[in-house]
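Work through these exercises with the model open beside you. Try each task before you read its solution.

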Amino acid sequence: MKNYQKIAIVLLSISLTGLLGKSSSTGSAANQSFQGWFLNLIQDEGKRTPQPPVQTSAISRFFSQVNDKSKENCEPKTSEPDFLVIAGGASPESNEIALEKNVLYFQRTLKNMGFQSPSTSIFFANGNNGEASIRYLDPQRRERFKVPNIPSLDGSASLKNVNNWIDKNNQNKVTKKPIFIYFTGHGILNERNSDNNALMLWNNTPVTVAKLSNTLNKLPQDSHIVTMMAQCFSGSFANYIYENGDPNKPLTKQTRCGFFATIKTLPSVGCTPEVNEADYKDYSSSFFAGLSGVSRMGQKVDSADYNKDGRVSYSEAHGFAKVDEKTTDLPVSTSEVWLQQKASEEDINQLLNTPIIDLEKLANPQQKYVINSLVKLLGFDEQKSYLETLENINPYQKTTQVEQAYRIRLLMELLNVRMEQKIRQSNNQEEIAILERLIDCESSSWK
């Protein structure tokens, strides 16, 4: 694991076991500090996490220009989608073999789910120009580079190719299918505005949330678009549901939702030059395993059909990944980011002091699965509140980074339940309608 990932998790670990472990009452300074820390974590009101080395001075200037310019300026779908895969690093140095293998696993997932000849377009790194762009480690652990070997590869991961794909999609006036976009690559943090982070395309081309949102606007207004993104700082792209990707503006007319490996201020795991796929642990692996019932190693996994309706929705696959993905990621969806942004310190205080079982009773089936699974994994007492449980934990007890991440995932899941209940009880019809729209979109599926 890279140093910036270690630093981020150490900070989270200290906050959980140090602040809460020493707290003896909800009115204590420690508890109030934790409430503020947790809000900072999910809403980005505090300090940013360290940057990965992909950031360059050119990209920093790019963000400066973007921010200066910005100052001027349903029902669940179950029909087969048009699939758009955008993948790979921004250069050979950041184009790890795991990214290629992610695309190959995606293709196997389609076959495992019975798709014979799905409408799929794949744009990966340098495409088909023959350049040895994929970085990997040979058996002697020497760095090597190879040519991409992806069946049915359509071209390079460029914005031009994405725009051409949109133009081609718009020409098909016969049947308008829902759209599923999968991005597996790298992301960068916009230190000026983490609501407008960027993903990286080939040739070190950053595409911000605002840019992606406006690019997709070229599709018809009745489009139904679902994204799944596994890059660092990917949670920022939950904002692509808004006009210009700006959470201060209305929702787009298109139906949009998405699922993201982690929150907008933290890096994610999964980009590695290691060749052995059995060692891969990342959000997209778990998401597609939950969706298809088959892991990337070809093994059957427990069904993620938590509501027993005979199909696995995107949101159910997302719930599966929150438990299955044994990493430091903090996965989120569009509706979850929307709910978490509405949380106050008072909401956190009530959450911390409510017995876990009382919140679990209000949860939907996949939320119940996540809560129950994490409670068991962590050895928490569901009859007690989250705060009571952590107060009884020795702050000096050693825990793994994954366990620390699971603690935060549980707290985030409880917050999702708490905030959804609050919105539904508010009688604010506009907010209830937005929530329903996002949940309906996330409840869609490939079949």
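Rings of Phe, Tyr and Trp (its six-membered ring) count as a pair if their centres lie within 6.5 Å. Planes over 60 degrees apart make a pair edge-to-face, and planes under 30 degrees apart make it stacked. Keep in mind that this is a predicted model.

**Exercise 1. Classify the pair of F83 and F106: stacked or edge-to-face?**

Solution. 
Step 1: take the distance. The ring centres of F83 and F106 are 5.9 Å apart.
Step 2: take the angle. The planes stand at 75°, so the pair is edge-to-face.
Step 3: place the residues. F83 is in strand β1 (residues 82–88), and F106 is in helix α4. The pair therefore ties together parts that are 23 residues apart in sequence.

**Exercise 2. Classify the pair of F83 and F115, and say where each residue lies.**

Solution. 
Step 1: the ring centres of F83 and F115 are 5.7 Å apart.
Step 2: their planes are at 80°, so this pair is edge-to-face.
Step 3: F83 lies in strand β1, while F115 lies in the loop between α4 and β2 (120–124). The pair thus links parts that are 32 residues apart in sequence.
Step 4: check the burial of F115. Its relative accessible area is 5%, so F115 is buried.

**Exercise 3. Describe how helix α4 packs with helix α7.**

Solution. Two packed helices are described by the angle between their axes and the distance between the axes.
Step 1: α4 covers residues 97–112, and α7 covers residues 283–292. Their angle is about 5°, and their axes are 10 Å apart.
Step 2: the cut-off for roughly parallel is under 35 degrees. So α4 is roughly parallel to α7.
Step 3: list the contact. From α4 come N102, Y105, F106 and T109; from α7 come S284, S285, F288, A289 and S292.
Step 4: sort these residues. The contact of α4 with α7 has 4 nonpolar, 5 polar and no charged residues.

**Exercise 4. What percentage of the residues in the protein is buried?**

Solution. The protein has 447 residues, and 58% of them are buried.

Conventions: Residues are numbered from 1 along each chain as its sequence is written. This is a predicted model: local features need pLDDT of at least 70, side-chain atom pairs count only at pLDDT 80 or more; totals for chains, interfaces and linings use all residues. Side-chain values use heavy atoms; hydrogens and water are left out. Axes are lines fitted to C-alpha atoms, for helices over the stretch in contact, and angles run from 0 to 180 degrees between N-to-C directions. Helices (H or I, at least four residues) and strands (E, at least two) are DSSP runs, numbered from the N terminus. Angles under 35 degrees count as roughly parallel, over 145 as roughly antiparallel, 65 to 115 as roughly perpendicular and the rest as oblique. Contact means heavy atoms within 4.5 Å. Ala, Val, Leu, Ile, Met, Phe, Trp, Tyr, Cys and Pro count as nonpolar, Asp, Glu, Lys and Arg as charged, and the others, Gly among them, as polar. Buried means under 20% relative accessible area, exposed over 50%, partly exposed in between (1.4 Å probe, protein chains only).
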